[in-house]
Each structure stands twice: as structure tokens, then as C-alpha cells.
Amino acid sequence: MPTDDQPTIDQQWMARALALAERGRYTTSPNPRVGCVLVRDGQIIGEGFHVRAGEPHAEVLALQEAGERARGATAYVTLEPCSHVGRTPACAPQLVAAGVARVVTAMDDPNPQVAGRGHALLHEAGIEVSAAIAPAAARALNPGFVSRMERGRPWVTVKLAQSLDGRSALASGESQWITGEAARRDVQFLRAHQCAVLSGIDTVLIDSARLNVRLSADELGIEGEVRQPVRVVLDSGLRLPPFAAIFDAPGPVWIYTRDATDGVQHEALIKRQQVTLIEAPPARGMTGLALDSILADLAAREVNEVLVEAGAKLAGAFVAAGLCDELVVYQAPLLLGHQARPTLALPEPAALADVARWTLVDEARLGDDLRLTLRPNQ
């Protein structure tokens, strides 16, 4: 019998499937990252991971590699096999047709179109099913997909770059560069696995922000073209000019505004390729746009993960509204002084007992800087 620190055979093979799924980190969205391993007589006979939406799923690739040897094998899949036809055929019927004897999954599929139907189809076909043996690890692979399916909004990461005293820029607005080259390069990897990078109109204009991924496929360790995230600009008054720097980079730009059909600016913007204007309601009792409505709309457009790279006001608004799932803080060994600009604009709590607490889940040294990843206490 295995001890608590001695994983079972199923857990060992599932670990391999999870590692495979991770290889789709920069390419699979809006689909979930999924890996599959086919095992027979203690040997891997086929494996695969889902690379891109519209291409074969992990189970199909593993079955193709195994061929006839799949009959009587055990399939280890990081997510319940799909039972519906989407961009590609359903996977559960293909496992049945291949004659696998057993299917082990890491987690149930939160997609309402699947949600137990894949497991049921396999069971009804006489296949032994061991479901959800590693749900925490599997959910950690796909926080955005799970969030979109369960909460109806993407997983939101707010990225901050700050000095030791929590400042993002000098009082004059000068901020390039607080962090060093290693930290700025790391941000490119952070952007690369997002479905969307979101900012406010002031940051886009003042910083001439492009918000795109500037790494090559080789640097990301992928084949094919680099998948650029959608650049999302919150621009309630539709001030973004058609010659802004954000349009110099490849990929779609979605602009959320109060009136997407009014004015000369509208006419100029809609002539740009890959530009979409989207109306959003105003925020309740304050200026700006309703962030919760925007996140719901992004989810409806199959956006799993959103990276917020914005000024103190907008970044603080996500945090204050409880819409930030993760903070990624790049901290430089600098002191900018009390007159410098803050990283987050937040309302002051009435007492220390009311202060929101965060849990440090990861830290890394990047040159002279630190990267801190934090999540709100539940």
C-alpha cells in the first residue's frame, strides 16, 4: 500500500498527463489545456496534448500514436473527455471506439455542455472510470477556463511594477524603467499565456502602450505563430485616436466605451482592421465603466484569462471591487519617495481589522528585482 508521500500508479501517470497539458500554456486558449497518456502493461503507448483550438484534442493525438494497441489500455486525461461536438469531434466516443478498458481523469469538466456527460458515456459503454483523482492540480492548469465556466467571468490578474515604497512612477509621471530587463522580459511570458491584456485609455495614450507579446515562438518554446492576446482598452469617452501606438502591433483591439456608434472617432476607428467597439454601461455611482459587466462580456467572447496592466486608478478599481484573482507584483530595489505616484488607488479602510489580506503563493528573483504572486485570502 502506498504511503501518504508515495503516489499511486494512477497519480504517477496522471502527473505525466498534467506535464503534457502544461505544454499548451501559450497556445490552447480559449480551450482548456489538456494532456492525455495511454498506458498498457505498464508502458506508455501513446500520449498527446491539446495544442490549439480547432486542432485535435489530447485524447485523439494519444489514440493516433497508439493505434491498435489502445484496445485494453488505460487512458489518463487531465480533464473529463468531451461528449459534444465543437470545433472538433467529441473525444469520449473516440475512446469508446478505440476499445480502451479504463479512463482515469484528473477533474470533471465544468463546461455545462459536458459536466458529467463524458464520464457517463464512457461508463455506459462498459469502460471503467476513475474520475477526478487530482482536481486541484488540474484546476490550477486552467484557472481561466474554470472561472469562465463556473463564475461567468475570466480569471483576472493585476500586474504591478513598483518600488520598495510602493510607488509606480515619479510625481512627474516618469516610470521607464523602474524594474530591470529580466523583470520586463518576464512580463512578456506573463502576457503570452493570457487571452486578453486590459488597460485604460490614459495608460494607453501616455505610455504609448502596445500591450502585445514581443517574444518569438522559439523563445516561448512553441511551434507555429505566436498567439497574440486581445488588447482591451477601457475608453468611456472614446478618446483613442486611430494612429495610437497600440495599432502598430499585431492582433485584435477591443475598445469598451459608453457609446460605440457616436462621433468622428468612431468612424475612424472602425476602419482599422481587427478593431471592435463594444458598448459598456457606466460604473454605478462613479465615473468610468462597469467592470463586472465588461468581464461578463469578455467571458461571453471566450476570454479565459485577463491581465490588467493599468494605472493606479483602474488597477485599484479591480482590486477594490473584489474582481482581482491574482496580483503579480514586480518589485524593484528603489525608493521613490512619498510624493511619487502610488501603485494602487484604494479607499482607506476604517480600521486595520478591515484590511484585505493576501497570501503569497510564489516568489522569484529576476535580476535585482522580485516577482511576488499573491491571491486574496478566502
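Reply: Helices, of at least four residues, and strands, of at least two, are DSSP runs numbered from the N terminus. Please note that this is a predicted model.

Me: Good. Where is Pro 30 found?
Reply: Pro 30 lies in the loop between H1 and strand S1 (35-40). The peptide bond leading from Ser 29 into Pro 30 is cis, and its omega is near 10°.

Me: And which residues have the most contacts inside the largest nonpolar core?
Reply: Met 14 and Leu 38 do, in a core of 38 residues. Helix H1 (residues 9-22) gives the most to this core, namely 6 residues.

Me: What is Met 14 in contact with, leaving aside neighbours within four places in sequence?
Reply: Its partners include Tyr 76, Val 77, Val 104, Ile 133 and Ala 134. There is also a second, separate core of 32 residues, with Val 230, Ala 315, Leu 323 and Val 329 among them.

Me: Changing topic: what is the phi of Ser 208?
Reply: It is near 50°, a positive value in a residue other than glycine. Ser 208 sits in the loop between helix H8 (201-206) and H9. Glu 302, in the loop between helix H11 (291-300) and strand S12 (305-308), also has a positive phi, near 65°.

Me: Why does Glu 225 count as exposed?
Reply: Because its relative accessibility is 68%, and exposed means over 50%. Glu 225 belongs to the loop between helix H9 (217-220) and strand S9 (230-234).

Definitions and conventions. Residues numbered from 1 in each chain as written. Predicted model: local features only at pLDDT ≥ 70, side-chain atom pairs only at ≥ 80, totals over all residues. Heavy atoms only, no water. Core = buried A, V, L, I, M, F, W, Y, C linked by side-chain atoms within 4.5 Å. Buried < 20%, exposed > 50% of the residue type's maximum accessible area, 1.4 Å probe, protein only. Contact = heavy atoms within 4.5 Å.
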